[in-house]
Amino acid sequence: MSVEFDFQQQRVVHLDLSSFKTVQSGTSIRTTLSVMRQNRIGAILVEDEKHNLIGIFTERDVLLKVASVPNILERPVDNVMTDEPQCVRTTTSVGLALELMNSGDYRNVPVQDENGSVVGNLSQQAMITFLTDHFPRQIYNLPPVPEMIPTTREGA
């Protein structure tokens, strides 16, 4: 089977989406950062009181919106999260999800079921794991610098 075929056939639901946590709207930035540190995750999903996804807070948000602003840690995470993040459905193909991540420069994309409920977070690490699990021969046999091709045999 080809890489392209597998990308179109495999669905996002078959990837590891388990490394995600949520916080409620209004949670302080300090508490949100604590949850991220404790769980060793790079993004946290923000939900309203009805458990609808309203935003995502990532390491990038920490660097760009929090790190340089003194006394911001007690404010609600809603002030610095990314509102209405791009999402994929569990039925979305891995190829389309990868295309979305690449075109939007996203490291994390929330995954929702057909009812719109959050079921996971598609991270770059989940995508890399998928690639190495499904294409070990192609991935593990790449030279450290793909453009670097030896002109002579080793030992010759």
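In the predicted model, helix α4 is followed by aspartate 105, a residue with a positive phi near 55°. The helix itself spans residues 94-104, and its buried residues are Val94, Gly95, Ala97, Leu100 and Met101. In an α-helix, residues three or four places apart point the same way, because each turn takes 3.6 residues.

When neighbours within four places in sequence are left aside, the contacts of serine 93 are with Phe7, Gln8, Gln10, Arg11 and Val12.

The chain as a whole contains 6 helices and 7 strands, arranged from the N terminus in the order α-β-α-β-β-α-β-β-α-β-β-α-α. It comprises 156 residues, of which 38% count as buried. Among contacts with a separation of 6 or more, 56% join residues 24 or more positions apart.

The largest pocket has a volume of about 260 Å³. It is lined by 14 residues, and those closest to its centre are Thr58, Arg60, Tyr106, Arg107 and Asn108. Two or more lining residues come from each of β3 (53-58), α3 (59-66) and β6 (108-112); α3 makes the greatest contribution, with 3 residues. By class, the lining of the largest pocket consists of 4 nonpolar, 5 polar and 5 charged residues.

The second largest pocket has a volume of about 180 Å³. Its lining is formed by Ser19, Arg40, Ile41, Gly42, Ala43, Glu59, Arg107, Asn108, Asn121, Ser123, Gln124 and Gln125. At least two of the lining residues are supplied by β7 (118-123), and at least two by α5 (124-134). The class composition of this second lining is 2 nonpolar, 7 polar and 3 charged residues. Arg107 and Asn108 line the second largest pocket and are also among the residues closest to the centre of the largest pocket.

Conventions:
Residues numbered from 1 in each chain as written. Predicted model: local features only at pLDDT ≥ 70, side-chain atom pairs only at ≥ 80, totals over all residues. Heavy atoms only, no water. 1 Å grid on protein atoms, 1.4 Å probe; cavity = no way out; pocket = protein on both sides within 12 Å on 5 of 7 lines; lining within 4 Å. Points joined across faces, edges and corners; volume = space filled by probe spheres on them. Helix = DSSP H or I, 4+ residues; strand = E, 2+ residues; numbered from the N terminus. Nonpolar A, V, L, I, M, F, W, Y, C, P; charged D, E, K, R; others polar. Buried < 20%, exposed > 50% of the residue type's maximum accessible area, 1.4 Å probe, protein only. Contact = heavy atoms within 4.5 Å.
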